[in-house]
Amino acid sequence: MKNIAVIGAGTMGNGIAHTFAQFGFNVQLIDVSQAALDKGIATISKNLDRMVAKEKISEADKTNTLNNITTYTNIQSGVQYAGLVVEAATENVDLKLKIFKELDEVCPEDTILATNTSSISITQIAAATSRPEKVIGMHFMNPVPIMKLVEIIRGYNTSDEVNDFIVNLTKEINKVPVEVNDYPGFVANRILMPMINESIETLYNGVAGVKEIDTVMKLGMAHPMGPLQLADFIGLDVCLSILNVMYEGFKNPKYAPCPLLVNMVTAGKLGVKSGEGFYDYSESRKAETVAKIFS
């Protein structure tokens, strides 16, 4: 299997495409927006430049990686030779079901369909296809080229052969596969999102300020970044989507998103990608200045 299609050229999609291409796979990067594809390739190029500067790869490696990626704005054209498709679109159930229904119709019958969903049921996604045994979750971590972990989630009908193949493929791209079961949030977000949500509740209840909360978790718990900074980095809209999936899946009030998070997303304050979340990123992508509303 040398041809791998990636659906979505955003943060996760371009990171997944970058990683497979760097390890010699032919990658078809697909997005409905040409502007998104151009931005995704620019991001990959910039990240490769950073790796060259750190002497982790050579200029030839960079050139080869970029040459291994071809872009498409049409799913059918992009997946016609793919042995594996990795979907990395927005964390929206209806959108993912629509994409998988289309993939099932246009992909070769032996193509494996993987989703990078961070919380949505693999079994539910697989049910939109006529090949549920070939549907699996590959939850990469952000930033993909750097982070080692990939959660491997098999749906109710995922075959042993497909599961074993994806585990071995993950090792081929120098990642560490960890197999988990198909429940809302899997492992990573089932633990991470309640912590982020509780951090937002702590701010909402006036217990401490943004920097104070993040400093306590960084210095007291040895976290590389505070939970509010991390939420900004992930995207507050993504955090809200994951919490909603978990709340609906478990019907447990402990997963209900904080009203402050809901209001911020409604107001378009999504974190780094919108220029403001708990921190102000208008002058720097580093979380140095607390957003005015919280200062």
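A salt bridge here is a side-chain nitrogen of Lys or Arg within 4 Å of a carboxyl oxygen of Asp or Glu. The model is predicted, so local features need pLDDT of at least 70 and side-chain atom pairs count only at pLDDT 80 or more, while totals for chains, interfaces and linings use all residues. Residues are numbered from 1 along each chain as its sequence is written, and side-chain values use heavy atoms, with hydrogens and water left out.

There are 10 salt bridges in the structure. One of them joins the side chains of Asp-237 and Lys-273, at 2.9 Å from N to O. That pair ties together distant parts of the chain, 36 residues apart: Asp-237 sits in helix H11 (residues 236–250), and Lys-273 in the loop between helix H12 (259–266) and strand E9 (279–280); helices (H or I, at least four residues) and strands (E, at least two) are DSSP runs, numbered from the N terminus. Asp-160 also pairs with Arg-154, at 2.7 Å from N to O. In the bridge between Glu-276 and Lys-269, the closest N and O atoms are 3.6 Å apart. Glu-87, Glu-91 and Lys-96, meanwhile, form a salt-bridge network.

Turning to the nonpolar cores, these are sets of buried Ala, Val, Leu, Ile, Met, Phe, Trp, Tyr and Cys residues joined through side-chain atoms within 4.5 Å, where buried means under 20% relative accessible area (1.4 Å probe, protein chains only). The largest has 34 residues, and Phe-20, Leu-84, Val-86, Met-138, Phe-140 and Ile-166 touch the most other members. A second, separate core holds 28 residues, among them Ile-213, Cys-239, Cys-258 and Met-264.

Key: Buried < 20%, exposed > 50% of the residue type's maximum accessible area, 1.4 Å probe, protein only.
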